[in-house]
Amino acid sequence: MLFHQATAQEALEALGTDSERGLTPGEATKRLGKYGRNQLRSGKKQSVLSRFFSQFKDFMVLILLASAGVSFWASAMQGDADFLDPIIILSIVVINAVIGTVQELRADKAIDALKKLSSPKARVLRAGKKQTIDSAGLVPGDIVILRAGDLVPADLRLLRSAELLTEESALTGESVPVEKDALAVCGKEAPLAERKNMVFSGTGVASGAGVGVVTATGMDTAMGHIAGLLEQETAPETPLQKRLGQTGKALGLGVIIICGLIFALGLLQHIEPLEMFMIAISLGVAAIPEGLTAVVTIVLAMGVKRMAAKRAIIRHMPAVETLGSTQVICSDKTGTLTQNKMTVTAFMGAFGQEPLESTTAQFCLELGTLCNNCETEGTDRKEISGDPTEAAFLRACRSSKGSLEEKYPRVGEIPFSSARKLMTTVHRSGGGYRIVSKGAPDVLIARCTQQLRGHSVSPLGGGVKAKLMSDNSELAGKGLRVLAVAYKDVEHLPGDDRETESGLIFCGLIGMEDPPRKEARAAVLECKRAGIIPVMITGDHAETALAIARRIGIAQEDGRAITGPELDRLSEGELAEKIGSCRVFARVSPEHKVKLVKAYQRRGMVAAMTGDGVNDAPALKAADIGCAMGRGGTEVAKSAADMVLTDDNFSTIVSAVREGRGIYRNIRRTVHFLLSCNIGEILVVFAAFLLRAPAPLLAIQLLWVNLVTDSLPALALGAEPIPRDVMEEPPHKREESVFSGGMGLSITLEGCLVGALALLAYSAGRAWFDVDPMEPVIGRTMAFAVLSLSQLVHSFNMRSEGSVLELGIFGNGKLNLACIICAFLMVSVIVFPPLAAVFRTAVLTPVQWAMVGGLSVFPLIAVEGEKLLGRLRNMSKKKK
């Protein structure tokens, strides 16, 4: 049954309960067994051990484990008990798994946070007696009593209400307390925000009182429905995870094919199987960039640290790079693009619109501050508690409420009534009384007979009243909430309320809104420049949403909003067409937000979602990148998000996108560098095998190159400063390969160059300096040194797609330090005898070192020449 569509009596009959007596204890126990406890279901959490073992699912990791196993078996079969290689490989794998597990040990607390929103106690009527019970014991049919300050313990159909207002912004996005009416009967299609006869679990009672019958508990409530959506949604795999996964599979399969091919060729050439195993293992070690996973993880971690300093806390590390790929930002309005604080922004009096600082406007605000039940708190009395609309008067008025009440003490009040749509207070003023009323313009203007014009009063005729109603429509058309203020001074107190609220002097119209954040417009414009589409998705009214969207640049002046009911009527194809042009979606439910996010994803777009309410949580989780507000956001939203903004500022998202793009560039640099180095290593080993020469590099030497002389510069490249023009480029496409833009070809050519230089050093050392060419200790050492040092030099090429000389070859201090350390370590394993014994190297002569140095600097010269030729080609194309 749709309880918002039923009368109170129909709801009671459907639920089999009595409004005066409630359920009997026996019936309540019976229903508790049927419906279960009024609690949200907890999802099953993954254990630490299962998280750890899940780290070994990566294809490259499985290849490494296989390499370690074969290496261990081969060493055992040879009988030399040299298990250093497999131990190092296993250590790498385990360290990577530990890092990954630590990063993932952030249990999803969204359901727990939702539980905390439930009221721990509830006042109910059982067998005609009022009692307080744990809210977990509530069942459908229970009669619940509500008072101001309560958290609603379950979904209720109101039976009685007295000036009842509830705070529902976390659930529906409504920026002001919602007026409730037990007598109302809503339409079948009415969204949550417009069900005035219902109150919902987890929302708060702002003022007034009410009695309601429980219609839903636990997972059947509106809040429980959101919890169910959170359980169903899984965070999508990030673009980076997909790209690296594809890269890992390609590398792994390539390694298997090459190693298998070499092993087969060796057997055909009658080489010993164990010897071929060791050659194949050496090639596998050379081909797999063991440090890639760790380097990417650390680069992301560095980005997380930088972003935290810029007030963006990243909860899931891969989300850092996802920001750089963002193509559409679906933003909530209330508290995200706006300040979530009702503010007076316009005043219209007898002479039309006037500045808020004008005498008439301030007089009107003083009257509104007197006719007001907000309280000021704190040592400086600047903290305001109470209805947000009334609080707006206190903030806009230059005079304090305390000083005004001292001058005009309150002696009476006619409370606000939804039927009258007015609030009136009576104050002592000199020898008489001042009566102040505020409320709906159409109601209050009808009760006025005069109008304040500057310092004088004039009659208020029908024509003037029509003009005032036109002014009211003008303000409302701008998305403002409008209240009228009137007053009169009398010598004696009127005899009844009707007399009190008649014959008033109209003072003016006060327009207020939840204003946009100051930085929002600039941030939206920067999004557009960066090729990112900003979209507003809110539970608020369409007119209000459109007014804000136009002011900050999200919507054009002729743009329109699509509402939740309209979304329900659209087919998947029609929705795909609409989202291409529509930028504002209003009066939407949590399901609509998820639907919209997924619609953008189906178009192949990387979608970010921002929000602060419980109603935003499912969409935050479904989005490629969920951004929650840290200050004003609910714990549910924060737990479901990938990123939390500590300053609740939309512009911080744009800064985070900029950081994400820079991080993606740096990750591409590290991948480019590591893979080009590994291709060089593969070439050396493979070429030597084809030439039937002894292995030019041992497995332990290859591991040293991959883990030390590759990884430290790669990490330093991850700290490369973000270019200024990074936000002038379009975002990366979801399907874009990590090797796009010709990077794959560059990696191959540069890898071949590095490999050729190392092979040349090996051949020269073996031919000219080694006593026994079949035991090429000098040649192997020279190849080892050239391979390491040329890669260090090559790392400087990675700093820029343009000439590194123009950028400044020593502009990255971390890279300079990394290369110095790596060069020292490289020389150490050759110069110091204990290390030389482990790595099986020989001491080189000055001539040999000179040859190593000359070959090692060649990559910088060659790549700079390649870049110069590229620039010359581009210049000639432009001239043509």
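pLDDT is the predictor's confidence in each residue, from 0 to 100. This is a predicted model, and its chain averages a pLDDT of 83. Over residues 106–115, pLDDT stays under 50. The chain has 880 residues, 55% of them buried. It holds 36 helices and 26 strands.

**Confidence and overall build**

- A pLDDT of at least 70 is reached by 85% of the residues.
- For residues 106–115, the model has 29 contacts beyond four places in sequence. Where pLDDT is low, the predicted coordinates should not be read in detail.
- Among contacts in the chain with a separation of 6 or more, 72% join residues 24 or more positions apart.

**Nonpolar cores**

- The largest nonpolar core has 98 residues. The members that touch the most others are Met307, Ile314, Leu323, Met536, Val584, Met643 and Phe650.
- Helix H27 (residues 650–690) gives the most to this core, with 16 residues.
- Phe650 reaches well beyond its sequence neighbours within four places. Its contacts there are Ile329, Ser331, Thr336, Leu337, Arg517, Ala520, Ala523, Val524 and Cys527.
- A second, separate core has 29 residues, including Ile562, Met605, Ala617 and Ala619.
- In soluble globular proteins, nonpolar side chains tend to be buried together.

- An open sheet of 8 strands runs in the order S8-S26-S25-S24-S9-S21-S23-S22. Its pairing is mixed.
- Strand S8 (312–314) and strand S22 (561–563) form the edges, each pairing on one side only.
- Neighbouring strands of this sheet are turned by 20 degrees against each other on average, direction ignored.
- Strand S24 (residues 607–611) pairs with strand S25 (residues 625–629) in the parallel sense, over 4 bridges.
- Met609 has Gly626, in S25, as its bridge partner.

**Salt bridges**

- The count comes to 24 salt bridges.
- Arg31 and Glu27 form one of them, with the closest N and O atoms 2.7 Å apart. Both residues lie in helix H2 (residues 25–35). They are 4 residues apart, about one turn of the helix.
- Arg31 counts as buried because its relative accessibility is 11%, under the 20% limit. Glu27 has a relative accessible area of 27% and is therefore partly exposed.
- The side chains of Glu390 and Lys438 meet in a salt bridge of 2.8 Å, N to O. Glu390 lies in helix H15 (residues 388–396) and Lys438 in strand S16 (residues 432–439), so this pair ties together parts that are 48 residues apart in sequence. Both Glu390 and Lys438 are buried.
- Glu513 forms a salt bridge with Arg551, and the closest N and O atoms are 2.5 Å apart. This pair links distant parts of the chain. Glu513 is in strand S20 (residues 504–513) and Arg551 is in helix H21 (residues 542–552), 38 residues apart.
- Glu513 is buried, at a relative accessible area of 5%. Arg551 is partly exposed, at 43% relative accessibility.
- Arg306, Lys310 and Glu659 are linked in a network of salt bridges.

**Met512 in strand S20**

- Which strand holds Met512? Met512 sits in strand S20.
- Met512 is buried, with a relative accessible area of 0%.
- Beyond its neighbours within four places in sequence, Met512 is in contact with Met342, Thr343, Val344, Thr345, Thr389, Ala392, Phe393, Leu480, Arg481 and Leu483.
- Met512 and Leu475 are 37 residues apart in sequence. In space they are 9.1 Å apart, C-alpha to C-alpha.

Key. Residues are numbered from 1 along each chain as its sequence is written. This is a predicted model: local features need pLDDT of at least 70, side-chain atom pairs count only at pLDDT 80 or more; totals for chains, interfaces and linings use all residues. Side-chain values use heavy atoms; hydrogens and water are left out. A nonpolar core is a set of buried Ala, Val, Leu, Ile, Met, Phe, Trp, Tyr and Cys residues joined through side-chain atoms within 4.5 Å. Buried means under 20% relative accessible area, exposed over 50%, partly exposed in between (1.4 Å probe, protein chains only). Helices (H or I, at least four residues) and strands (E, at least two) are DSSP runs, numbered from the N terminus. Contact means heavy atoms within 4.5 Å. Two strands pair if DSSP finds at least two bridges between them. Axes are lines fitted to C-alpha atoms, for helices over the stretch in contact, and angles run from 0 to 180 degrees between N-to-C directions. A salt bridge is a side-chain nitrogen of Lys or Arg within 4 Å of a carboxyl oxygen of Asp or Glu.
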